[in-house]
Amino acid sequence: MVLLAYLPVFFLPLPILMLAGYLAAIVFISFLCLGPRGVIRPFLSILPILILVLLLTPPFQREGEPFIVIGGRILVSTGGINEALRLIIRFSGITLLFYLFANTTNADLFITSCYRMGMPFNLVLVVTIAMRYIPHLTTLYREVTDAHSLRRGPDAAVRGFSPFRRVKALLPVLTSVLIQAIRQIPVLSMALECRGVGRKVKRSTYLELKNRAGVMADFSISLLIIIILLIPLIREMV
Amino acid sequence: MKIAAVAILTAVTALFTFVRVPFAPTRGYFNLSDMAIFFSALTIGPFTALLAGGLGTALADIISGYPQWAPISFVVHGLQGLVIGLLARRGGVLNLSMGAAAGTVTMCTGYLLGGWLILGLGPGPALAEVPINLLQNLAGIIGGVSLHLAVKKAYPPIAGISW
């Protein structure tokens, strides 16, 4: 969590070498905390964006010495390359910091600490329930997909890359999943009501008994009765 | 009922965000989060869509290894759900079109500004994402409206849940 506080450093107008050193430090911390996979995975996930940054930033920044000139027009300059490198370091650093945060923080503890810091209880409850339901709905989605593919047969698979044909093929599955999910709303709502969520009358607390003289007198008399009853038994033993 | 509805639809939005639809042979894909947001906004209401859209996409980003996008997704998709719900839920083709258009503009502008200024991607790469976001939104509008009509027909008690 503390690491996220270092995010603004990437936005400061520091020399590129300093930013690269800072990124290297974060890579080192990630390596220590998550291992080599924890460093490579986030970089692989943002690789297409990094390539886009490298290709598309220089044409927007043409300051500095010309580097590539085509037909008298400066296509790439040293200023453009510097800016592209700065953006790549910035985005990689932000990604790595968030990845480190997400993978080293316990979700339940994070939500509990958010509640302690003043996040509304209802919002905390929504997030907690949603996180419990995501794996359940994912399993449901797989089961419904299998059931639908069994009904349609192997020839019904969508070929080509038409996104709308693919979305259309997914609609029956998504409708079934949605209906199954929505049917759980009243059940969950009832379960929450049973546990007192949303009640206007607050849950009662334990009654605090005052230490009155009467209580002590009752206790003393009870003890005396026990002793009187035990006297014949003690006499027999002696 | 509100808490239960928002929680379940948050989980549904996260699930729809995990579903990836490829649109190019070069591993390009878009997700179906907008479909879930359109569905929530049209079927349940703007405030459910605000919370379910924002929380669902942010949770999906964190779980699927893109946590840097989570704060932007939370704000942008939340606002998108609210805008669609407020405009489109009044009924009629005109309101629906206005809601869809406003939702698309909110989402595309939000991600453009978020990528450009907050994540520091620069103008070029941030602009390059706009066509993909537009395609995703278009699929979301068509799919979201279809799901709304299909679920309403198949499960009429859904009309009783509204926020």
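Let's start with Ser97(B), which sits in helix α5 of chain B. This is a predicted model, and everything below should be read that way. Ser97(B) counts as partly exposed, because 13 other C-beta atoms lie within 10 Å and the buried label needs 20 or more. Along the chain, Ser97(B) and Ile141(B) are 44 residues apart, while their C-alpha atoms are separated by 9.4 Å.

Now take Ala100(B), which is also found in α5, the helix spanning residues 93-118 of chain B. Is Ala100(B) buried or exposed? Ala100(B) is buried, since 25 other C-beta atoms fall within 10 Å. Once neighbours within four places in sequence are set aside, the contacts of Ala100(B) are Ile84(B), Ala88(B) and Ile141(B). Phe16(B) is another story: 84 residues away from Ala100(B) in sequence, with 18 Å between the two C-alpha atoms.

## Helix pairs in chain B

Two packed helices can be summed up by the angle between their axes and the distance between those axes. For α4(B) and α5(B), the axes come within 8 Å and cross at roughly 165 degrees. That makes the two helices, α4(B) and α5(B), roughly antiparallel, as angles over 145 degrees count that way. Their crossing is right-handed. Sorted by class, the α4(B)-α5(B) contact has 15 nonpolar and seven polar residues, with no charged ones.

Another pair to look at is α2(B), residues 33-43, and α3(B), residues 46-63, whose axes also come within 8 Å and cross at roughly 160 degrees. So α2(B) runs roughly antiparallel to α3(B). Again the crossing is right-handed, this time with α2(B) passing α3(B). Which residues of α2(B) and α3(B) make the contact? From α2(B) come Ser33(B), Ala36(B), Ile37(B), Ser40(B) and Ala41(B). On the α3(B) side you'll find Pro46(B), Thr48(B), Ala49(B), Ala52(B), Gly53(B), Gly56(B) and Thr57(B). By class, this contact of α2(B) with α3(B) splits into six nonpolar and six polar residues, and none is charged.

## Over to chain A

Chain A has six helices and two strands. Reading from the N terminus, the order of elements is α-β-β-α-α-α-α-α. Of the 238 residues in chain A, 21% are buried. As for contacts in chain A with a separation of 6 or more, 60% are between residues 24 or more positions apart.

The helix pair to check here is α4(A) and α5(A), with axes that come within 9 Å and cross at roughly 135 degrees. The class count for the contact of α4(A) with α5(A) is eight nonpolar, four polar and no charged residues.

## Where the chains meet

How many residues of each chain are in contact with the other? On the chain A side there are 52, touching 45 residues of chain B. Elements giving two or more residues to the chain A side are α1 (16-56), α2 (78-104), α4 (121-152) and α5 (163-194). The largest share of that side, 16 residues, comes from α5(A). By class, the chain A side has 40 nonpolar, nine polar and three charged residues.

## The nonpolar cores

The largest nonpolar core has 70 residues, and those with the most contacts inside it are Ala130(A), Ala7(B), Ile8(B), Ala11(B) and Val12(B). At least two residues each are supplied by α4 and α5 of chain A, along with α1 (2-18), α2, α3, α4 (70-88), α5 and α7 (130-154) of chain B. Which helix gives the largest share of this core? That would be α1(B), with twelve residues.

Leaving out neighbours within four places in sequence, Ala130(A) is in contact with Ala7(B), Thr10(B), Ala11(B), Ala14(B), Leu55(B) and Leu59(B).

Technical notes:
Residues numbered from 1 in each chain as written. Chains lettered and ligands numbered in written order. Predicted model: local features only at pLDDT ≥ 70, side-chain atom pairs only at ≥ 80, totals over all residues. Contact = placed C-beta atoms within 7 Å. Helix = DSSP H or I, 4+ residues; strand = E, 2+ residues; numbered from the N terminus. Nonpolar A, V, L, I, M, F, W, Y, C, P; charged D, E, K, R; others polar. Axes fitted to C-alpha atoms, helices over the stretch in contact; angles between N-to-C directions. Parallel < 35°, antiparallel > 145°, perpendicular 65-115°, else oblique. Left-handed = near helix turned anticlockwise from the far one by under 90°. Buried ≥ 20, exposed ≤ 12 C-beta atoms within 10 Å, placed from the backbone. Core = buried A, V, L, I, M, F, W, Y, C linked by C-beta atoms within 7 Å.
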